[in-house]
Each structure stands twice: as structure tokens, then as C-alpha cells.
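Good morning, and thank you for coming. Please look at the sequence and the model on the screen while I speak.

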Amino acid sequence: MDFAQYKNTFTQEASKNGYSEQNIQRCLDYAELLFSHEVPVIYNTSHLSNLVGYNKKYLKKASYYPQYFYRDFEITKKNGTKRPISEPLPSLKEIQIWILKNILYKIPVSPFAKAYKPNTALIENLKFHKKQPKVLTLDLENFFPSISVKSIEKIFIEMGYSRMVSQLLAKLCTRDKTLPQGAPTSPTLSNLIFKDADVAIADFCKQRKIRYTRYADDLSFSGDFDEKELFEKITETVENLNFHINKSKTKLMTPNTRQVVTGIVVNEKPQVVFHKRNELRQAMHYIKKFGIDEHREYKEINQRNYLEHLLGRINFVLQINPKDLEFIGYKAVLIDLKKKQALKMKKNQPLLM
């Protein structure tokens with residue numbers, strides 16, 4: 001439905017329900033701006049309730065008392081520390097996915113942002129930094145928790161939503177007034193919040209012929225540049241948005257060292273770092289020699305989806321380098337094992353009487 005059709009239908013229905021011409025025009029002016037951004041028209045909480053399929057009472061509770069609508073747990077990071085995760089309960093997650101698909105995906109993000117974008121692979125973040133004299137990588141501390149509910153509310157206001165609707169949408173996407181690590185809306189919202197900073201950093205870099213990309217909270221720069229000047233500019237830019245650089249993770253890499261961007265070596269061609277490839281080689285060697293069950297027993301691997309986990313890691317290597325014959329072979333072995341496991345399970349299933 002285009003706006004002309006919407007205007008005609010809305011005017012007829014509103015007139016039947018006794019709306020004044022002034023109120024009808026005010027609603028249409030509001031709706032026209034939202035139509036121009038290709039996002040759904042939302043007048044109030046009741047209207048959003050009808051759109052997402054959950055009653056008004058539920059939306060209000062989820063927005064006012066979000067602590068009761070999340071499941072908290074921790075995952076172990078590569079360095080051994082714990083990352084807290086706040087996963088929304090299924091109903092709230094469904095509402096957040098509606099907001100993501102119908103509103104947030106309609107808002108363009110910076111072309112320098114290479115994560116959390118539909119149909120964008122990790123390789124997009126790497127190809128810009130191959131064979132460069134210098135590579136500088138920076139990491140932002142507490143990326144999601146640094147983003148406030150007020151800044152998210154502003155995103156919805158800029159799309160044309162009323163302050164009341166914007167506050168409701170922002171609260172449905174946040175917990176404890178910040179972005180929760182685990183909500184489906186958080187990654188895209190982080191890209192939108194950082195959009196102005198991406199533009200400012202990119203403009204600075206273009207003037208100095210520096211290549212810049214950002215993958216979530218990892219900022220990567222390559223070229224021939226004054227690293228002190230660049231670091232000072234980036235620090236100033238991100239701190240204006242209440243972000244801070246994790247200085248312990250700042251790395252300057254020259255061609256005579258491994259230049260690593262988001263865990264991938266980029267000196268010559270993008271390649272997963274050696275120790276990760278070697279771990280996979282060792283695992284595949286023992287699986288091919290002794291069998292997957294014997295390998296798991298010897299290594300005391302209790303992970304239930306271990307085969308799928310290995311296959312995922314090998315697919316990641318192939319995503320970076322699709323023509324890697326060694327890992328294409330490993331993938332074929334695992335897929336064959338998976339088929340055999342499925343056939344074995346099928347044979348062991350009891351017949352229904």
C-alpha cells in the first residue's frame with residue numbers, strides 16, 4: 001500500500017469513527033513521514049500491540065520491568081574471561097525480531113561497518129587490509145553496555161516516530177537502560193549508534209589515504225600513516241559518544257609481523273591464523289586415523305554437537321579461503337561422518353506399532 005491508498009482508507013475509517021478533520025490531518029502528517037522512511041505507522045501502544053500480536057499489558061510490563069523478561073548466563077571468551085549474556089525470553093525476542101525486520105533493517109548503516117549486516121560476510125572486513133605497510137587494530141571497551149536507552153530512543157525519533165512510541169520501542173530493545181548482549185536488536189542498533197562516528201573517522205582517513213573498516217567493536221586501519229595522530233583522532237571521536245578504547249588490545253602491525261584483523265592474517269591473502277588451522281588439522285588427523293568416537297573419548301570431549309562444531313569451524317576457514325583444498329577435504333570427511341551417524345540413528349529407532 002502506498003501513502004495515497006493509506007490516506008484514502010484512513011480518512012474514510014477515521015471519519016466514520018468521528019475523528020475531526022484536524023485530527024485526521026495530524027495523523028496523516030505523522031504517517032506520511034513514516035511512509036517516506038518505509039517503516040510501519042505506529043500511533044500508540046495499542047497500535048503496536050496489534051502489529052506484533054501481543055497485548056498492550058504485556059508490552060507495558062516488558063518495557064517497565066525488563067529484568068523479568070531475560071535469561072542470564074555466561075559464556076567463556078577466548079582469553080578465559082566470562083562474557084555475560086542477557087537473552088530475552090521467547091515472546092520478547094519475537095517482538096524484538098519484529099522491530100529489527102520491520103524498522104531497524106530499513107535504516108541504512110555506514111558502509112564502513114562490516115558486521116551485523118544481512119548478506120555480509122567476514123571477508124568484507126578483510127579484503128581492504130591486504131598487503132599494507134601498517135595495520136592498526138583498536139578494540140572498544142564494553143561496546144553494548146556503553147549504549148544508552150536515550151541514544152536508542154533518538155534513532156526512532158529520527159525515523160519520525162512520536163516521543164511516546166520511540167520511548168516504548170527503545171525500552172523494548174534495552175535492559176537496565178543499555179543494550180543487552182543477547183537481544184537480536186542489539187547488534188544492528190550498535191551499528192546505527194556508531195554511524196556518525198564511522199563517518200567522522202572515515203572522512204579523517206580518506207584525507208590521509210588510510211583504509212578503515214569496523215567489525216562490531218573492532219576498528220581496523222591500514223596504509224602508511226602517523227599512528228599517534230590516528231590514535232588521538234579515534235580516541236577523541238569515540239569518547240564523544242561515551243565509548244572508550246581498550247588500550248591493552250591496541251595493536252600496530254608491520255609487514256615483517258603477522259598482520260591480524262578480527263582473527264585473520266591479512267599480510268598476503270586472508271587466512272585463519274596458523275594455530276587455529278593447526279588445531280583443526282590435529283583433530284582431523286586423529287578422527288581419520290582412529291574414528292570420531294575414539295578421538296572424543298581420548299581427548300575427553302563431552303560436547304554433544306562436537307561434529308557440528310568442527311564442521312562450523314572448517315566452514316569458517318573456507319569462508320575466508322574457499323579454494324583451500326585441504327579443508328575442502330576435511331569438510332567432505334565430516335559430512336560423510338554426519339550421514340553415517342544419521343543412518344545409524346535411523347536404524348536404532350524402534351518401529352512404531
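This is a predicted model: local features need pLDDT of at least 70, side-chain atom pairs count only at pLDDT 80 or more; totals for chains, interfaces and linings use all residues.

Strand S3, residues 134–139, pairs with S6 through three bridges, and the sense of the pairing is antiparallel.

Let us now widen the view. Which strands form the open sheet, and in what order? There are four of them, arranged S4-S5-S3-S6, with antiparallel pairing. Strand S4, covering 211–215, and strand S6, covering 251–253, stand at the edges; each has a single partner strand, and therefore one side of each has no neighbour in the sheet. On average, and with direction ignored, neighbouring strands of this sheet are turned by 15° against each other.

Two helices lie across these strands. Helix H10, residues 195–207, lies across S4 and strand S5, which spans 218–223. The direction of H10 is at about 155° to S4. Helix H11, residues 227–239, lies across S3, S5 and S6, and runs at about 25° to S3.

I turn next to one residue in another helix. Ser 166 is found in helix H8, which comprises residues 163–172. Is Ser 166 buried or exposed? The relative accessible area of Ser 166 is 0%, so this residue counts as buried, the cut-off being under 20%. Which residues does Ser 166 touch, once neighbours within four places in sequence are left aside? The contacts of Ser 166 are then with Glu 153, Phe 156, Ile 157 and Tyr 161.

Finally, let us consider the whole chain. The protein chain contains 15 helices and nine strands. Along the principal axes, its C-alpha atoms fill a box of roughly 80 × 75 × 35 Å. Of the 353 residues in the protein chain, 41% are buried.

How do the contacts relate to the sequence? If we take contacts between residues at least 6 apart in sequence, 66% join residues at least 24 apart.

As for the surface, the accessible area of the protein chain comes to about 20,600 Å², and carbon and sulfur atoms account for 51% of that. The chain carries 57 positive and 38 negative side chains. The centres of these two sets lie 5 Å apart.

Thank you for your attention.

Notes: Residues are numbered from 1 along each chain as its sequence is written. Side-chain values use heavy atoms; hydrogens and water are left out. Two strands pair if DSSP finds at least two bridges between them. Helices (H or I, at least four residues) and strands (E, at least two) are DSSP runs, numbered from the N terminus. Axes are lines fitted to C-alpha atoms, for helices over the stretch in contact, and angles run from 0 to 180 degrees between N-to-C directions. Contact means heavy atoms within 4.5 Å. Buried means under 20% relative accessible area, exposed over 50%, partly exposed in between (1.4 Å probe, protein chains only). Accessible areas come from the Shrake-Rupley method with a 1.4 Å probe; for residues, only the protein chains shown count as cover. Lys and Arg count as positive and Asp and Glu as negative; His and the chain ends are not counted. The place of a charge is taken as NZ of Lys, CZ of Arg, CG of Asp or CD of Glu.
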